[in-house]
Amino acid sequence: METEETKLDRTFAALANPTRRAILARLAGGEATVNELAAPFNMSLPAISKHIKVLEKAGLITQGQKAQYRPCVINVIPLKEVSTWTEQYRHIWETSFDRMENYINQIKEKENDNE
């Protein structure tokens, strides 16, 4: 049985590659064939197919069957799981942003005092 942690590991591994992220970005606009997904890249169809298999294994895309071709479609559930996981750290970066904003405001005040 696959754990949530294993699924998350697989999702992050798939997202670690910029080509795979670009493929997902393209699929966010709607289904596409392998040839359509390969078009913007300077790589062979077998290379693109390997990226697609990694995305499929991570559950990020599915390939359907329509007549002669197999369109790829994005599956947002693993992305939602990543979002849920990262949400637990939101307070850390929000605190950092608040401190940065305070620091910037202090610098602006000093600049205004010097004018």
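Thr33 is buried, at a relative accessible area of 18% (buried is under 20% relative accessible area, exposed over 50% and partly exposed in between, using a 1.4 Å probe and protein chains only). Thr33 sits in the loop between α2 (18–27) and α3 (34–38). This is a predicted model, in which local features need pLDDT of at least 70, side-chain atom pairs count only at pLDDT 80 or more, and totals for chains, interfaces and linings use all residues. Residues are numbered from 1 along each chain as its sequence is written, and side-chain values use heavy atoms, with hydrogens and water left out.

**Fold and overall form**

- The protein has six helices and two strands (DSSP runs numbered from the N terminus: helices are H or I with at least four residues, strands are E with at least two).
- Along the sequence, the order of elements is α-α-α-α-β-β-α-α.
- The radius of gyration is 21 Å, whereas a compact globule of 115 residues would have a value near 13 Å. The radius is taken over C-alpha atoms, and the globule rule is 2.2 Å times the number of residues to the power 0.38.
- Along the principal axes, the C-alpha atoms fill a box of roughly 70 × 40 × 20 Å.

**Burial, contacts and surface**

- Of the 115 residues, 23% count as buried.
- Take the contacts between residues at least 6 apart in sequence: 49% of them join residues at least 24 apart. Contact means heavy atoms within 4.5 Å.

**Charge**

- There are 15 positive and 16 negative side chains. Lys and Arg count as positive, Asp and Glu as negative; His and the chain ends are not counted.
- The centres of the two sets lie 12 Å apart. Each charge is placed at NZ of Lys, CZ of Arg, CG of Asp or CD of Glu.

- Leaving aside neighbours within four places in sequence, Thr33 is in contact with Tyr69 and Pro71.
- Leu27 belongs to helix α2.
- With a relative accessible area of 2%, Leu27 is buried.
- Beyond neighbours within four places in sequence, Leu27 is in contact with Ala32, Leu37, Ile61, Cys72, Val73 and Ile74.
- Leu27 and Val76 are 49 residues apart in sequence, and their C-alpha atoms are 11 Å apart in space.

**Aromatic pairs**

- The count comes to two aromatic pairs. Rings of Phe, Tyr and Trp (its six-membered ring) pair if their centres lie within 6.5 Å; planes under 30 degrees apart are stacked, over 60 edge-to-face and the rest tilted.
- Phe12 and Trp85 form an edge-to-face pair, with 5.5 Å from centre to centre and 75 degrees between the planes.
- This pair links distant parts of the chain: Phe12 is in helix α1 (residues 4–15) and Trp85 in helix α5 (residues 77–87), 73 residues apart.
- Phe12 is partly exposed, at 34% relative accessibility. Trp85 is also partly exposed, with a relative accessible area of 35%.
- Ring pairs join Phe12, Trp85 and Tyr89 into a cluster.

- Lys80 is in helix α5. Lys80 counts as exposed, at 55% relative accessibility.
- Lys80 and Glu36 are 44 residues apart along the chain, with 26 Å between their C-alpha atoms.
- Ile92 lies in helix α6 (residues 90–114). Ile92 is partly exposed, with a relative accessible area of 47%.
- Ile92 and Ile104 are 12 residues apart along the chain, and their C-alpha atoms are separated by 19 Å.
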